[in-house]
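Let's walk through this structure together, from its charged pairs to its strands and its core. Please keep the sequence and the model in view as you read.

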Amino acid sequence: MNEHAYSDTLSGAQQAAPSTPLENTLVIGSQYLQRLNIDIHNTPAVFQDLPSQLHLGLVVDVTARQVSETQSGFEVSLVIRAQGMRTPPSEATPNPDRVYDISMAYAGLFGFNTAVDRTHAEQALLVDAPHHLFPAARTVLLNTIREAGFPTLNLQPIDFEVLWKTRRA
């Protein structure tokens with residue numbers, strides 16, 4: 001597993017001297033909300049017979065792009081599409097009544113303090129980086145749902161390694 005250092009800006013990253021050399025250190029820079037859209041269907045009638053708990057459908061993707069020529073210039077975006085539905089999808093009702101649609105992208109700047117090969121860089125940017133972005137992205141998503149007037153739930157962490165391996169296959 002990679003060691004991680006934190007910095008407010010990638011160019012200002014400082015790291016304590018370790019007792020053994022660190023390889024492939026991921027440097028974490030600024031994190032920010034890139035985009036947030038919410039569409040609430042059938043307002044205000046949607047609130048008249050709202051169930052106490054909605055089913056939340058999620059589609060999650062991770063993208064990374066190099067934003068500078070150096071190893072310290074990558075933007076990683078955690079893209080989440082959430083749909084609040086009155087009931088879970090089933091064979092009888094494959095497209096249940098949607099209450100809201102949320103589309104968001106939460107991003108961060110990342111880099112490396114040592115040279116890394118393409119495979120290690122890809123894994124760090126598409127597995128480790130979103131692991132750091134997810135807690136804040138989850139907070140934004142759940143706060144948006146709550147502020148829109150809908151019941152919230154506990155959203156469990158995502159295994160980004162499985163997502164990355166599935167995407168590669």
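Arg 81 and Asp 101 join their side chains in a salt bridge, with 3.7 Å from N to O; the term stands for a side-chain nitrogen of Lys or Arg within 4 Å of a carboxyl oxygen of Asp or Glu. This pair links distant parts of the chain, since Arg 81 belongs to strand E4 and Asp 101 to strand E5, 20 residues apart. Helices (H or I, at least four residues) and strands (E, at least two) are DSSP runs numbered from the N terminus. Are the two partners buried or exposed? Arg 81 counts as partly exposed because its relative accessibility is 41%, whereas Asp 101 is buried at 11%. Here buried means under 20% relative accessible area, exposed over 50%, and partly exposed in between, using a 1.4 Å probe and protein chains only.

A word on what you are looking at: this is a predicted model, in which local features need pLDDT of at least 70 and side-chain atom pairs count only at pLDDT 80 or more, while totals for chains, interfaces and linings use all residues. Residues are numbered from 1 along each chain as its sequence is written, and side-chain values use heavy atoms, with hydrogens and water left out.

Now follow strand E4 itself, residues 74-85. Because 10 of its 12 residues are buried, E4 is largely enclosed by the rest of the structure. Strand E3 (residues 55-66) runs antiparallel to E4 and is joined to it by 12 bridges; two strands count as paired if DSSP finds at least two bridges between them. In this pairing, Arg 65 stands opposite Glu 75. E4 also pairs with E5 (residues 98-112), again antiparallel and over 12 bridges, and there Gly 84 faces Tyr 100.

Asp 101 has another neighbour to look for. Asn 37, in strand E2, touches Asp 101, Ile 102 and Ser 103, leaving out residues up to four places away in sequence; contact means heavy atoms within 4.5 Å. The C-alpha atoms of Asn 37 and Met 104 are 6.3 Å apart, although 67 residues separate them along the chain. Asn 37 counts as partly exposed, at 43% relative accessibility.

Which residues touch the most other members of the largest nonpolar core? Among its 37 residues, they are Leu 78, Tyr 100, Phe 110, Phe 112, Leu 141, Ile 145 and Phe 150. Such a core is a set of buried Ala, Val, Leu, Ile, Met, Phe, Trp, Tyr and Cys residues joined through side-chain atoms within 4.5 Å. Two or more residues come from each of strands E2 (26-40), E3, E4 and E5, and from helices H1 (118-147) and H2 (160-168). H1 gives the largest share, 12 residues. Beyond its neighbours within four places in sequence, Phe 150 contacts Ile 40, Val 46, Phe 47, Leu 50, Leu 54, Val 99, Tyr 100 and Ile 145.

Let's finish with the other charged pairs. The whole structure holds 9 salt bridges. One of them joins Asp 61 to Arg 167, with the closest N and O atoms 3.1 Å apart, and it connects strand E3 with helix H2 across 106 residues. Both ends are partly exposed, Asp 61 at 31% and Arg 167 at 49%. Within H2, Lys 165 and Glu 161 meet at 3.2 Å, N to O; they are 4 residues apart, so about one helical turn separates them. Finally, Asp 49, Arg 86 and Asp 97 are linked in a network of salt bridges.
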